[in-house]
Amino acid sequence: MTSRGRFAPSPTGLTHLGTASTALLAWLSVRAQRGAYVMRMEDLDRRRVVAGSADGILGDLRWFGLDWDEGPDVGGPHAPYAQSERGPRYAAAFENLRTAGLVYPCFCSRKDIQSAASAPQAPGDEAHYPGTCRDLAQSEVVRRVSSGAAPAWRFRVDRAGIIPFTDRVRGRYEADPGSIGDFVVLRADGVPAYQLAVVVDDIAMRISEVVRGEDLLASTVRQLLLYRAFEATPPVFAHVPLLLGDDGARLSKRHQGVTLRELRDAGES
């Protein structure tokens with residue numbers, strides 16, 4: 001199969017150099033293999049989306065010298081390329097998980113989880129869920145829903161066994177499902193969680209290679225579990241180092257003077 005890579009930014013503001021660097025590395029890798037480069041907008045969280053930023057990102061990346069074979073602005077055989085337009089696909093995937101008994105309703109708030117004594121987590125990682133609602137009786141679920149509580153839905157993680165995979169940057173990596181806890185695949189407001197959406201999209205778009213920042217390495221075990229649940233072959237992963245600002249922290253939108261737009265407006269070429 002022809003190599004298929006992708007870049008999937010969130011349209012939450014201007015494109016900073018850290019994002020551009022990862023986009024470039026993903027583009028270089030797939031172009032070196034004479035493969036296809038797919039652009040996809042991860043815009044499910046409508047509260048964070050900044051109006052006009054999707055078009056701005058595409059324009060900035062084209063100015064940066066990148067091109068893509070499929071995407072929101074050029075179309076392609078796996079359209080649509082904005083997650084906000086792919087709701088029926090996520091709903092069908094979730095229903096498959098629910099029918100198979102691989103997910104369960106969870107009524108815990110974020111505060112409940114973070115305050116649990118058994119929920120330590122690494123900085124920036126998803127809080128470890130202690131399993132409070134894992135074995136709720138169906139009668140209790142019905143009672144809570146009837147009283148107006150809206151549950152999120154969590155994937156049941158089999159805590160036995162290590163999941164090994166080979167990262168193109170880090171080499172062999174062993175992921176321990178027991179260290180992550182059951183994770184959300186559908187939020188209480190009905191919005192698909194990142195882990196579910198990204199796996200469903202990468203399967204549907206036949207993505208064979210994912211180059212992304214090393215800050216997403218911790219997400220890989222969750223995604224591998226979903227690939228296994230959907231009986232799909234996962235892509236090859238490459239988690240690349242992040243660009244850092246003068247303060248030693250990774251470049252983000254809070255850093256000033258490091259966006260492609262500012263460089264372009266300053267006359268860089």
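This is a predicted model: local features need pLDDT of at least 70, side-chain atom pairs count only at pLDDT 80 or more; totals for chains, interfaces and linings use all residues.
Colleague: Through what do the strands of a sheet pair?

Modeller: In general, strands of a sheet pair through backbone hydrogen bonds, and the pairing is either parallel or antiparallel.

Colleague: In what order do the three strands of the open sheet come?

Modeller: The order is β3-β4-β7, with antiparallel pairing. The edge strands are β3 (103-106) and β7, each of which pairs on one side only. On average, neighbouring strands of this sheet are turned by 45° against each other, when direction is ignored.

Colleague: Which helix lies across β4 and β7, and at about what angle does that helix run to β7?

Modeller: That is helix α7, residues 220-229, which runs at about 55° to β7.

Colleague: Where is Asp 189 found?

Modeller: Asp 189 sits in the loop between β7 (183-186) and α6 (194-204). Although Asp 189 and Pro 151 are 38 residues apart in sequence, their C-alpha atoms are 8.3 Å apart in space.

Colleague: With which side chain does the side chain of Asp 189 make a polar contact?

Modeller: For such a contact we look for a pair of N or O atoms within 3.5 Å, one able to donate a hydrogen and the other to accept it. The side chain of Asp 189 makes a polar contact with the side chain of Arg 187, at 2.5 Å.

Terms used:
Residues are numbered from 1 along each chain as its sequence is written. Side-chain values use heavy atoms; hydrogens and water are left out. Helices (H or I, at least four residues) and strands (E, at least two) are DSSP runs, numbered from the N terminus. Two strands pair if DSSP finds at least two bridges between them. Axes are lines fitted to C-alpha atoms, for helices over the stretch in contact, and angles run from 0 to 180 degrees between N-to-C directions. Contact means heavy atoms within 4.5 Å.
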